[in-house]
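Please read the points with the structure open beside you.

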Amino acid sequence: MTTETAGANLLTGNPAPTEGNDMHAASPSWNRRGFLGLAAGLSLGAVAGCGSGDSPAGSATPSRGGRLRAAFAGGGAKEVLDPHLANLFVEASRAKAMFDKLADLGTDISAQPRLAEKWEPDATLTKWRVTLRQARFHDGKPVRAQDVLASYARVLDPKRAFRAKSSLALIDLPNSRAVDERTVEFALKRPFVEFPNVLAAFGAYIVPEGTEDFSKPVGSGPFSFVSFQPGKSLLLKRNAEYWEGAAHLDELEFVIANEESARVSALLGGQVEYAHDLTPTTARSHAGGDRMTIHRAPNSAVQAFAMKLDRPPFDNRDLREALFLLADRPQLVETTLSGSGQIGNDLFGKGYQYYAADIPQRARDLDKAAYLIRRAGAAGLKVKLDTSAAAAGMVEAATVFADQVKGSGLTIEVAMGNKDSYWSDTLNNGSLSSYRSGAMPIETHIAQRLLHGAGTNVTKWARPEFDALYHKAVSTVDNGARGAVYAEMQRMLHAEGGYLMWGFADWIVGTTRTVHGVSTAPANSLDWARFDKVWLG
């Protein structure tokens, strides 16, 4: 997140949809300079029931009504509402507000039923029967098996690039069928024991059959569309007929504030009630105060640098290993996360199922790194490290890491990129970049970021033997044997991969004291950045 997404979640680069004709007065996107003049332009009366602080009764008893305004970093004028193109955190949150998937990730990053009421495989693991719950789209039409198949067919269109495509690719769509209005039988190309992860894949949302115009999207989620200004704001209203129960809020407005300082200023100034993705420094300075409530989701976001393996200089394995050994992970966690996290070991999913915790922890070794740099013929090399303020703490981490590399024979030159287009810019360009992602199953991380043809493979990892091990793992019924295969894959990644995953950060959001019901679930899970269970009071 993921997040990719995932955090590190990547921009699509596709054109924004046409604005609706019934646009409400919407908040502009904000930067630090433009914030000071904003107060006069926004109505503070948009929120019902605002008080001066928390109270036990208020936080325990949900109340209905009001508009909550949530500030996120965005993707500029190219933002879209097509849920299959969701990659940024704001896009993921907006998508889950308007749409549903068949499954989503619980707080333990396991697949939980959503539009799917239940699922059941046959003995071969090549056919899965999914029963849909009774749900309706915002236009009143029922969610049908045909809508599910059409949604997946759209994602799998070979002429298009959707993030969930690599996860859904194992579905044999021509041989899948609608058994009846509420039953889908999926045929798979191979046995796949973790098929529920596919149903929960990032971006695998269900849309009405035949939908291509998302300028006024129709979904089945807890909020329905009102108006949209790409790169500025999205206004939604409560879906009173939501299958899981109507949201507490009357309205939900997403507003764009790319800089963390602008999100904090907007929250403290009363222009928003929720500020996403705050730094540990901000959290520490406001902890226990009466102007902001801090919500932490421990170990939600992996912090990393991504090296591209398909081009110089990091097509050289010695140079990659040198970078791994130059990272002082405890210092990075302490200085850039203010201690709000744990060190990483260059592998995704610390603490998740199948994580290879037995691989020895890497530690800084300047002497060995310098030797490897000389052996690679890279002494005196200057390497550009692309970073930006697209995610909190990335610039600080890049600066600290550049300092850690001094004296090794390498020089890291930090280059600031455009925060609005950073993720799309660094997906295929450059050789070294700051990276961050939210939570997802280890299997999904591999499928979406490391397999041949994966749409968000920023490191350009390509190993046929690795792909073969993945296919072996997901067709192995025995849990222990499957875990052993995942461990072998992680040993390969640890030795040869391009992700320098130095830490796992707490995910931090801030709210006004009038906001209740905010979950501290990991980023990219169902309850993260979810607003239908939030209320004002």
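**Notes on the predicted model**

1. Start with one pair of residues. R129 stands opposite E185 in β8. The strands here are β6 (residues 127-132) and β8 (residues 183-187), which run antiparallel and are joined by five bridges. Keep in mind that this is a predicted model.

2. Now widen the view to the sheet. Four strands form an open sheet in the order β5-β6-β8-β7, and their pairing is antiparallel.

3. Helix α4 (residues 145-155) lies across β6, β7 and β8. The helix runs at about 35 degrees to β8.

4. Move on to helix α12 (residues 394-405). It has twelve residues and reaches 17 Å from its first C-alpha to its last, close to the 16 Å expected at 1.5 Å a residue. Several of its residues are buried, among them M394, A398, F401 and V405. In an α-helix, residues three or four places apart point the same way, because there are 3.6 residues a turn. Just after α12, G407 takes a positive phi of about 90 degrees.

5. Finally, check the confidence. The chain averages a pLDDT of 88, and 89% of the residues score at least 70. Over residues 1-58, however, the pLDDT is below 50. That stretch still has 182 contacts in the model beyond near neighbours in sequence.

Note on methods:
Residues numbered from 1 in each chain as written. Predicted model: local features only at pLDDT ≥ 70, side-chain atom pairs only at ≥ 80, totals over all residues. Heavy atoms only, no water. Pairing = 2+ DSSP bridges. Helix = DSSP H or I, 4+ residues; strand = E, 2+ residues; numbered from the N terminus. Contact = heavy atoms within 4.5 Å. Axes fitted to C-alpha atoms, helices over the stretch in contact; angles between N-to-C directions. pLDDT = per-residue confidence, 0-100. Expected span 1.5 Å × (residues − 1). Buried < 20%, exposed > 50% of the residue type's maximum accessible area, 1.4 Å probe, protein only.
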